[in-house]
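Open the structure in your viewer and keep the selection tool ready. This tour tells you what to select next and what to look for there.

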Amino acid sequence: MRGPKILTDALWPQTVPALDLDMKPLLATFALLAFAVSPAPTFANPFETKLANGLRVIVKEDPRAPTAVHMVWYRAGSMDEKDGTSGVAHVLEHLMFKGTRNLRSGEFNKRVAEAGGRDNAFTSRDYTAYFQIVPKAALPEMMKLESDRMANLKLDAKEFAAEIKVVMEERRLRTDDNPHSLVYEALNSTVFRAHPYRRPIIGWMDDLEHMTWQDARDWYKQWYTPNNAYVVVVGDVDHREVFRLAQKYYGPLKAHALPERKPQNEPEQVGIRRVSVKAPAKLPYLAMAWKASKLRDVQNDRDPYALEVLAAVLDGHDASRFSKNLVRGAKVAQSAGAGYDGTLRGEATFVLDGQPAEGKTIADLEAALRGEIKRIQDEGVSAEELARVKIQSIAAQIYKRDSLMAQAMEIGGIEAAGQSWRDIDTLLEKLKSVTADEVQGVAKKYFTDDSLSIAVLDPQPVEQSKPKKPSGAVRH
Amino acid sequence: MKQSKLNAPHPHPRPGAGLLVGSLRSIIVGRSRARFALICLLSLLTSTLALAGVKIEHWVAPSGAKVYFVETRVLPILDVQLDFAAGGVFVPAGKSGLAGLTQGLLEAGAADLDEEHIAGRLVDIGARLGGGADSDRASVSLRTLSAKPERGAALDLLRAVLSAPTFPQSVLEREKGRNIASIREAETRPDAIAAKRFAAAIYPGHPYGVSPTVDSVAAISREDLVEFHRRHFGARGAIVSIIGDVSRAEAEAIAQRLTEALPAGGAELVPPPVTKPQRGTVKIAHPAAQSHVHIGLPAIRRSDTDYFPLLVGNYTLGGGGFVSRLMKEVREKRGYAYSVYSYVAPRKLEGPFEIGLQTKREQVADAIKVVDEVLTGYMAQGPTAKELAAAKKNLVDGFALRMDSNAKLLGYLSAIGFYGLPLTYLDDFPAKVKAVTVEQIKAAFARHVKAENLVTVIVAAD
């Protein structure tokens, strides 16, 4: 298992950077290249408008192929749930395919399929998003379908009863029978005690067992409103035409006030926390999470960018420190990863994880991971390492242009965190401006045991493990 | 990773693509399961030419390698992939894992470069090496910026790792150790156990059914890698696929340079024929909350003329995601499973047809009964006229979005080359799909999905 990778996430944008004159010769070629070959429309792209009901529409024109990605993002994710109904954001996401006042259950998927398209949806801690990838001629129909279920979803006990079982199967598959997921679930609820990030997105099984169709209906009524949503379209489209279609289909929908969002800030952690999980497995697994700053002020923050670079130095590519030193060099790790995501609505963490190599222990691996942090605290990072991070970020943004979906996800993701797609260029520039001193500075500042939580997998022999007791049998 | 699968379940945006993977994992959950192994070549089977003006050029390089090239100048990038008949099917008995190790260790040292130099150099020029080995083939792919300094450096590295790998003993020992640890770990995971036991059960006595074991990996020596590379990475059998921001003349030079120093290669090996298994059920104990079920058999070769009837027919059965019969009956109506699907994955020899699902262990018998009913009904009746029309509409109208990137097109080029498909494969695709009839689907299923050969594997069975 690789650790979380950061090089292609929302902090690494795809739009064109300005020329960086401080670069080494090879790097300069890079920047020039990116600058010179960008098709002209890139400079005007994307385009944004806001309808009277508060719905924002962001369009990126990319005429490479006669296709389009259409996404609707709602700023309602598992962090907006209440205790007792954890998982309802994701359950509602499933139910969004179950029919509206105008459309029978299952008809949504059928229409998309017959248009030659693919569709799906996903729920995160911060948002819920729906998408269709279609031949461009089908875009108006997709907008019609999405606007319909933004306002007219039909929920009832019968559809709910079948779908909640599906979601419980999903939980068994993703979490209950997946040792690493169990460790992450335990880590999350250890790192956060007050903040809603402590709850799993998919929900606790007991909450799923006691959920009702009215819980889902209430969620829908609270959060599914045009003023809590935005549409992202990327593809072979004319933004004026998309704006016109958006007005036609989404324009008539009524907005309503949103529930109050309490901050629910996590109190300061004052001491190391440890948790362990037993599950059938062979290799132990370790995950260490430190509280870290998130991105709040794109222009004036420095730490989030430095943390991002630190993660990349440790685990951004095949020549990064973890691969080189821990997996290949000392052979202490079967796998090792580092991850930081500062673009989010909630609170940020910096996570290191890994599996010890054969003959090594969790303690060996923990010492090795801490040793890598210590080395940066003491010695900093090299100019070569910083240059590599920059090169990787520039290459990643160019490669990202080979995928419409990746471009749409980037726009949607940064908007979900409360920043703007307009910040994408700035984020890249800021990353490139990070100095070695700043990386060393964040390594010293954030990696203290007082803000550390550690979760480990304690592997159990498969033969001696008993099947879990049936769950989901009791329905109310 | 390179296995082509017909009508796999709806791909979900991969968390692994890095788009959403944040500081804590499991940051998103979606409506359908990401089966990323299937996504790679999903496009292969369900699409055709979409980019206006895409033209596949083909020639044989002086080295003997077959080259497939698409020039596209929109993005300043270049993708190159080399495919060799160097998959697991060619590995000597008792050495399973050799194909993957040979492919994987190409980057472990080449010419006078050690693995740290290779990794560092790739990072310095922003290039990415990828690839893998499946049953039939081994692939090495490169993505690089197309500007000359980066491109030149990246192609030099690719040439070196293909032609002059050093397979250092110390790296081999380390990677064998990591492989063995992964195998031991996989032996605890219900999904991995199910996949391995299913392959073994439907391919009794055939290399397609053999998976690496602790013993087989331990038995692999450096000489085995050297010999496997010498025999199977020859220029004459190589398929070179190139797409991106270079001219035909540049592509010709690139293909020749990448293949001129490859080893001579051995005689073409013909794997033993596949024999069909006897109908039966394999039950494996495991403490998981869910049972993992695979039902299937060896079905068709990539060259079989029943390919299109099976492709189109499988869409309605279990390949069309939420609109398929299996999804409707097993998931939507009864809530038995989150993921339920069927696919056909043709190979050089008979590749598998498989139905898969996971369900709460207490209800696995009920879920299998539903699958049996759906399959039996479908075998007897085929799709309705309406279902067939819907399947064709999705497959034909969906061309465009399955060919809308260089990465996806590269997959087609390599598959056309490796499986010897006509150069007009993409152009012909809509007509071939449209021509399929209900009778052809029924006949193809009757020929290739015989009840007497269907094997059921259940992990976490009570």
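**Stop 1: a covered helix**

Select helix 15 of chain B: 11 of its 13 residues are buried, so this helix is mostly covered. Buried means under 20% relative accessible area, exposed means over 50%, and partly exposed is in between, with a 1.4 Å probe and protein chains only. Helices (H or I, at least four residues) and strands (E, at least two) are DSSP runs, numbered from the N terminus.

Before you go on, note that this is a predicted model: local features need pLDDT of at least 70, side-chain atom pairs count only at pLDDT 80 or more, and totals for chains, interfaces and linings use all residues. Residues are numbered from 1 along each chain as its sequence is written, chains are lettered from A and ligands numbered from 1 in the order in which they are written, and side-chain values use heavy atoms, with hydrogens and water left out.

Helix 15 covers residues 406-418. From first C-alpha to last it reaches 18 Å, close to the 18 Å expected at 1.5 Å a residue. The expected span is 1.5 Å times one less than the number of residues. Colour the buried residues, among them B:Leu409, B:Tyr412, B:Ile416 and B:Phe418. Then step just past the helix to B:Gly420, which takes a positive phi of about 65 degrees.

**Stop 2: helix 4 of chain B**

Select residues 148-163 of chain B. This is helix 4, with 16 residues and a reach of 22 Å from its first C-alpha to its last. Its buried residues include B:Glu150, B:Arg151, B:Leu155 and B:Val161.

Now pick B:Ser163, also in helix 4 of chain B. Is B:Ser163 buried or exposed? B:Ser163 counts as buried because its relative accessibility is 17%. Which residues does B:Ser163 contact, leaving aside neighbours within four places in sequence? They are B:His229, B:Leu258, B:Ala261 and B:Leu262. Contact means heavy atoms within 4.5 Å.

Next, show the side chains of B:Arg159 and B:Glu260. They meet in a salt bridge, at 2.6 Å from N to O. A salt bridge is a side-chain nitrogen of Lys or Arg within 4 Å of a carboxyl oxygen of Asp or Glu. B:Arg159 lies in helix 4 and B:Glu260 in the loop between helix 9 (248-259) and strand 10 (280-284) of chain B, so the pair ties together parts that are 101 residues apart in sequence. B:Glu260 is partly exposed, at 42% relative accessible area.

**Stop 3: two domains in chain B**

Colour residues 18-259 of chain B as domain 1 and 280-459 as domain 2. These bounds come from an automatic or database domain assignment. The C-alpha centres of domain 1 and domain 2 lie 26 Å apart. Look at where they meet: 51 residues of domain 1 are in contact with 57 residues of domain 2.

The area buried between the two domains is about 4,800 Å², and carbon and sulfur atoms give 68% of it. Buried area is the accessible area (1.4 Å probe) that two parts lose on being put together, summed over both. How many salt bridges are counted between domain 1 and domain 2 of chain B? The count is 0.

**Stop 4: strands in chain A**

Move to chain A and select strand 1 (residues 47-50) and strand 2 (residues 56-61). They pair in the antiparallel sense over 4 bridges. Two strands pair if DSSP finds at least two bridges between them. Find A:Glu48; its bridge partner in strand 2 is A:Ile58. The hairpin has 5 residues between the strands, and A:Gly54 takes a positive phi near 100 degrees there.

In strand 6, A:Val233 stands opposite A:Val59.

**Stop 5**

Select A:Lys136 and A:Asp236. Their salt bridge has its closest N and O atoms 2.9 Å apart. A:Lys136 is in the loop between strand 5 (128-135) and helix 4 (139-151) of chain A, and A:Asp236 is in the loop between strand 6 and helix 9 (239-249), 100 residues apart.

Compare A:Arg171 and A:Asp176, whose salt bridge has its closest N and O atoms 3.0 Å apart. A:Arg171 is buried at 4% relative accessible area, and A:Asp176 is buried at 13%.

Finish with A:Lys98, A:Glu159, A:Glu163, B:Arg331 and B:Glu332, which are linked in a network of salt bridges.
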